[in-house]
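User: I'd like to go through the words used for this structure and see what stands behind each one. Could you take me through them?

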Amino acid sequence: MSWSRRAFLGATAAIVAAPATIGQARPRVVVIGGGAGGATAARYLARDGKGALDVTLVEPNATYHTCFFSNLYVGGFRDYDSLGHGYERLVSAHGVRLVADRAAGVDRDARVVATAGGEKLPYDHLVVSPGIDFVEGSVPGWSLADAEAMPHAYKGGEQVRLLRAKVEALPEGGVFAMVAPPNPYRCPPGPYERISMIAHLLKQRNPTAKILLIDPKDKYSKQALFEEGWQKHYPGMITRIGPDFGGANVEVRPAAMEVVVDGQVEKVDAATIIPAQRAGDIAAMAGLTNDAGWAPIDPGNMRSRMDPAITVLGDAAQQGDMPKSAFAANSQAKVAANAIRGELTGSRVFPAKYSNTCWSLIATEDGVKVGAAYEPTPEKIASVDSFISQTGEDARLRKATFEESLGWYAGITADMFG
Amino acid sequence: MRKGLAALPVLAALAAPAAASEIGDRERGAALFDECAGCHEVGPGAQDATGPHLNRVFGRRAGSVEGYDYSEGLARMGADGLVWTLETLDAYLENPRALVSRTRMNFAGFDDPQDRADVLAYLRGFSDNPRDIPEAEPTARREIYTVPPEILALNGDSEYGEYLSAECRTCHQASGGYDGIPSITQWPVEHFVVAMHAYKARVRPHPVMQMIAGRLGDEEIAALAAYFATLEE
């Protein structure tokens, strides 16, 4: 695909005469996955394309429950239904075609996506935004079949409800355990915000309960902020076992509700297991992933390094310094949509600018944030500037930061689904 | 038309300490303060009126006078960390809404830098005596960088602005909805441009906006301003 968009500048009737699109009305873009990357890409491609592109979104869930902000539901700060969003506006206002099915395979030579239901979806460009799947066996003793006994709750949806039910059902003075994931994983502060939200719920319902955090990492996102907040709001409730005390050597026994840390058996009352992660299955099935399990991309436009007719967005991409977050996926989607539209229709292509901010809630009105701005280099998407909340900030600033996070949720969901 | 744009003073990021000048003429400032006195009291026994009293305003966190009911915009800027200093007060007096969106201070601003300097010299007399407090605000200003009028007069490329705006829309709803993050839809061009340069120069607080504005060039800020000013969604 070496043809230049310049060839189309000034063309009118010839505007869709790309080599791959000869003899058809409009260039076809298929988007796999309706999350922060995929929904944003579909919306921007269809909306900004103003009918020039035929955009199909492949997503099995009629209602998308965001994984971001699901911790706030666990903590009792948010209704479950407030996390759910439909695709109606993408269809009715922007003309996206919705295929309510799972993508089961990609024939890259023929440029066709096959759905689980057997539908064939030809494309001129494919956007793959499948999020994460788990590395089987990364927590010995746990597999997806154990997710009822020990939920991962790390993809949003029903698993998150199950997690909250287990916290609520914890016996008085009981022990709740979390196994945190190794790097890299979705939402770096997510496990620690989840600990905060579980502690918040327990503090009110079951204040003598304990939380055991088993962590294979030496350090983690916003560590000083979480530690300060836990000391302040939940003193004596949370114990973290890092790798220096065997946190990287863990096995679980879901049937017996036991966690084995460095050979020592701990009886717990409930647990959540967040395993090691990799790109969502379809990325590997399409041959887009490397040995590490992630899909490498071109930092300038999120194009797959394996296939220039495919863009990979969000958590599944191996892009460099950006965290795996909804904010990052949304940011990448808009850069990619501009580049794809330019290639397929000759519209103007502008330089890539990426950014990210991750808010976390530690307790009522105690919000913190971390963020950075990113630009492409030949090797990777590189951080060029960053900031983080400080320890010891006053309550007014923390409250303002929390309120800002609510504004962000309203903003990004409007940007994805509006 | 371009009122209030010509001289937003912002500290140059790398400005070497250059020639300092006395900040202004207090007597002249006292006379100019008549324009403010309809709403603000200052001096012994001053109380909150339409606006908060202005005793000890230098060094005070914005929106922090106990008991005064501030606008949401000013309270937000205070929570974000805006502190009233010579630089921030100067920017506020020049164009209140460019520094603090949705402030209730209904004042068009002093265009003339000398007027602002004189009023600030007058107000400064009612803040703590700098001779007694070593860390108090300076009484003379460092050389300041002024956003040149030609940059403020740039005609933005609205199509480029539309692309760049995608970054803003993650948080600022294009519909103008306001759920904890202010709307920037249909913000007047001059306010938008001055505000972004104020973030860039770190006169306006807020780390996210300082970072976002920090990497935008003059043309890009103009492009965004042109786009958002006319956005209808």
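Analyst: Here are some of the terms, each set against its rule. This is a predicted model, in which local features need pLDDT of at least 70 and side-chain atom pairs count only at pLDDT 80 or more, while totals for chains, interfaces and linings use all residues. Residues are numbered from 1 along each chain as its sequence is written, chains are lettered from A and ligands numbered from 1 in the order in which they are written, and side-chain values use heavy atoms, with hydrogens and water left out.

User: Happy with that. Why is A:Thr40 called buried?

Analyst: Buried means under 20% relative accessible area, exposed means over 50%, and partly exposed is in between, using a 1.4 Å probe and protein chains only. A:Thr40 has a relative accessible area of 0%, so A:Thr40 counts as buried.

User: Where is A:Thr40 placed, and what does A:Thr40 touch?

Analyst: A:Thr40 sits in helix α1 of chain A, residues 36-49. Helices (H or I, at least four residues) and strands (E, at least two) are DSSP runs, numbered from the N terminus. Setting aside residues up to four places away in sequence, A:Thr40 touches A:Gly35, A:Asn330, A:Ala333, A:Lys334, A:Asp415 and A:Met416. Contact here means heavy atoms within 4.5 Å.

User: What makes A:Arg205 and A:Glu168 a salt bridge?

Analyst: The rule asks for a side-chain nitrogen of Lys or Arg within 4 Å of a carboxyl oxygen of Asp or Glu. For A:Arg205 and A:Glu168 the N to O value is 4.0 Å, and the pair is counted as a salt bridge. This pair links distant parts of the chain, with A:Arg205 in helix α5 (residues 190-205) and A:Glu168 in helix α4 (residues 158-168) of chain A, 37 residues apart. A:Glu168 is partly exposed because its relative accessibility is 31%.

User: How do you know that A:Arg253 and A:Glu258 also form a salt bridge, and are they buried or partly exposed?

Analyst: Their side chains meet at 3.2 Å, N to O. The two partners fall in separate classes: A:Arg253 has a relative accessible area of 34%, so A:Arg253 is partly exposed, whereas A:Glu258, at 19%, counts as buried.

User: Which residues are linked with A:Glu393 in a network of salt bridges?

Analyst: The network joins A:Glu228, A:Asp366, A:Glu393 and A:Arg398. Over all chains, the count comes to 32 salt bridges.

User: Let's turn to chain B. Why is B:Val65 called buried?

Analyst: B:Val65 has 11% relative accessibility, so B:Val65 counts as buried. B:Val65 is found in the loop between α2 (34-37) and α3 of chain B. Apart from neighbours within four places in sequence, B:Val65 is in contact with B:Asp48, B:Pro52, B:His53, B:Arg60 and B:Tyr70. For B:Val65 and B:His53, which are 12 residues apart along the chain, the C-alpha atoms are separated by 8.1 Å.

User: And how much of chain B counts as buried?

Analyst: Of its 233 residues, 54% do. Chain B has 11 helices and four strands.

User: What makes a space a cavity rather than a pocket?

Analyst: On a 1 Å grid over the protein atoms alone, a cavity is a set of points where a 1.4 Å probe fits but cannot get out, whereas a pocket is an open set with protein on both sides within 12 Å along at least five of seven lines; lining residues have an atom within 4 Å of a point. Grid points are joined across faces, edges and corners, and a volume is the space filled by probe spheres set on the points. By this rule there are three cavities of 30 Å³ or more.

User: What lines the largest cavity?

Analyst: The largest cavity holds about 110 Å³ of space. Among its lining residues are A:Phe327, A:Lys353, B:Tyr163 and B:Thr170. Helix α8 (326-345) of chain A and α8 of chain B each supply at least two lining residues.

User: How does the second largest pocket look by the pocket rule?

Analyst: The second largest pocket has about 650 Å³ of space. Its lining has 36 residues, with B:His172, B:Pro182, B:Ile184, B:Tyr199 and B:Met209 nearest its centre.
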